[in-house]
Amino acid sequence: MARPSVSPRRPRPDKNLFDTEYSLRARLLIALAKDLTALGGDLFELDIPRMAFIGNQSAGKSSLVEAATGIAAPRDSGTCTRCPMQCTVMRSDGPWSCTISLNFLYDEKGNPLKIDREVSFPTIYDPKDVEIWLRRAQAAILMPRANPLDFHNKSVEELKGMQAGMIPFSWNKVEVLVRDPEGANLSFVDLPGIIQHHRADTEVVPFVKKLTERFIKSRNTLIVVTVPMTDDFENQGAFELATHADPEGLRTIGVGTKPDMLTPGNTSALDKWRDILEGTTSNLRHGYYCVKLPSDKEREEGHSRSELEKREKAFFSSTEPWKSLDNQTRLGMRNFVENTSMLLIGLIENNLPNIKKRVDKLLAKDTRLLAQLPELFTADNPIAVILLRVTAFCKTLQGTIGGKQRKDFVRNNRSRHRTWELPGYVPFEATKEIILQHVEHWEDPLIRCFNDISKNTLDLISSLVHDPEYFGRFAELVSFVETVIGREAAALQAQVSDMLRKKFNMENSSPLSTANLDRFNQERSTWLNQIYRNISQPIYSDEHKVMADVHAYFHIASARFIDVVVLCIEEEWHKKLAVRLEESLIEKIPPLPRETLNLLLGEDPKVSKQRNNLIRRIEQLTKIKERLAQYEAQTLEDNEAWGAGLDGLN
């Protein structure tokens, strides 16, 4: 059943009934937004509507926060707020209370923690005790390595004495939940005041700016900018940040403070602010407010909230130009709090469908990604599992080297080195060098040829090792197998290299000979006949005889050398490597203790981390979805009760 739209301007069937229904709905929405944020709303970029209070240092922002919440904020020389303070005020039928907690999400450098931490402070029932507990909470945030419980009994003087050990500012939040029978339903984050310079730490100014920018960038964050009315708000650093985040002024709300500081002689400033508050020159969609906050003396006198409200009303009703404003809803804390509360409540309610849609989308995506991960592997007999994979791996390796499996390996060797076509085994460059130059030039192409072939083989082995069908899904097993393979391959590679070098030395030493004299004479005659083909009875010169002998010998020797190299690489490298790897792996695995074997079959840390992250995200998203469903159920129940109340009035 759709919820009826409620607006403060529409005719009300009964004011008390309407206020009760609206207050309940507002309280439920504020509680929902608070819970969604606590469940990871920022992590999932749900863009939960909220308000952010910003302002230059000493702009009256702390006094505004105090007036909005009814609690006293710490006031020291310099910057009062040194970490974000999330404030939630909910109208409650019970007694007044304030609950403070610490939310540690970042390290000292602002990097997200792997595991966030929430620390609860006591619930306070006397508003006068809140200030000291806020001091203790902020000190605990600013000393993250200390035990937060150690701050529970610290006095103001003791906390001041600990300043030297505190970091200047922090990303982590103090969270404050106020339940107040007279309060408005409101939720906002109070950010440190914007400062222009810091005498002790040059990094503080950009830190505060970056912190503010992070909190006000979301399109559903209402930016409340406090500005002393004695200052030119256009040159305020806080307004510059707000304008950059919200250039069209669609979600920025201006609040002028300290109107009592404008004397009747400040006609230019008074006229300017009057036009702004009337909306004549306002560049903000939600406009500006003007509030007169208690002075330090009034605060010390301990006046009640109602008394301070009376004094504020008396000021505006007796002082020009405020008393003559046509739009009196822009004056006073009550108007500011009630109007911004309704604005925030409406924003939260209107964005619930988008939030729900994003949660469903993220939950479906993460569930799909989790399902795509390999199932968790368990083995009662890890030795058997590993040895079966070793056997399958070696069988595939032998089949690939022999050209029976994965024939692309053989084709790649043929295209690059013609490995299996014996006359062309040596690359073209080497063949050219062998034919045109001396035998001593055979060594370099021989080494390069074997290096290329062995690299191709090791690349093949590496791809098989990382194949999930064999060892790829077990990172520790991959590391173990690669260590064994690396050792065996290096040893065999050295042996084959030495063997090939001996074959080369046999060709590159005296005496030069061949037992294939028939082939030698045939090659010699063929060469001479080509030279003297146009002469019927040639008389061969001594030079041509030498060249014919060289050609014939080189032709026979090169063919012989190619055959020997091919056979050596095939028999001594390829075949023996596959056998040695299988023997070595089978030899080294069974003696390993059970703990090591289980470790070898453990899940890849990257996959395990991904799995744990997805499970954690799914759990959080599920809780968010359940909380949204709980709100919908509460709303449906309240709508029915409200409808019954309306029927009773007719």
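# Exercises on a predicted model

M90 stands opposite R179 in strand β5. Helices (H or I, at least four residues) and strands (E, at least two) are DSSP runs, numbered from the N terminus.

This is a predicted model, in which local features need pLDDT of at least 70 and side-chain atom pairs count only at pLDDT 80 or more, while totals for chains, interfaces and linings use all residues. Residues are numbered from 1 along each chain as its sequence is written, and side-chain values use heavy atoms, with hydrogens and water left out.

**Exercise 1. Find the pairing partners of β2, and the sense of each pairing.**

Step 1. Apply the criterion: two strands pair if DSSP finds at least two bridges between them.
Step 2. Take β5 (residues 173-180). It pairs with β2 in the parallel sense, over seven bridges.
Step 3. Take β6 (residues 186-190). Here the sense is antiparallel, over five bridges. Q86 stands opposite V189 in β6.
Step 4. Check the cover of β2 (residues 85-91). Six of its seven residues are buried. Buried means under 20% relative accessible area, exposed over 50%, partly exposed in between (1.4 Å probe, protein chains only).

**Exercise 2. Is R285 buried or exposed, and what does R285 touch?**

Step 1. Locate R285: the loop between α7 (267-278) and β9 (288-290).
Step 2. Read the accessibility. R285 counts as exposed because its relative value is 63%.
Step 3. Look for contacts (heavy atoms within 4.5 Å). Not counting residues up to four places away in sequence, R285 touches G249 and L250.
Step 4. The C-alpha atoms of R285 and R251 are separated by 6.9 Å, though 34 residues apart along the chain.

**Exercise 3. Is E488 buried or exposed?**

Step 1. Locate E488: helix α15 (residues 475-507).
Step 2. Read the accessibility. At 14%, E488 counts as buried.
Step 3. List its contacts. Leaving aside neighbours within four places in sequence, they are R580, L581, S584 and K588.
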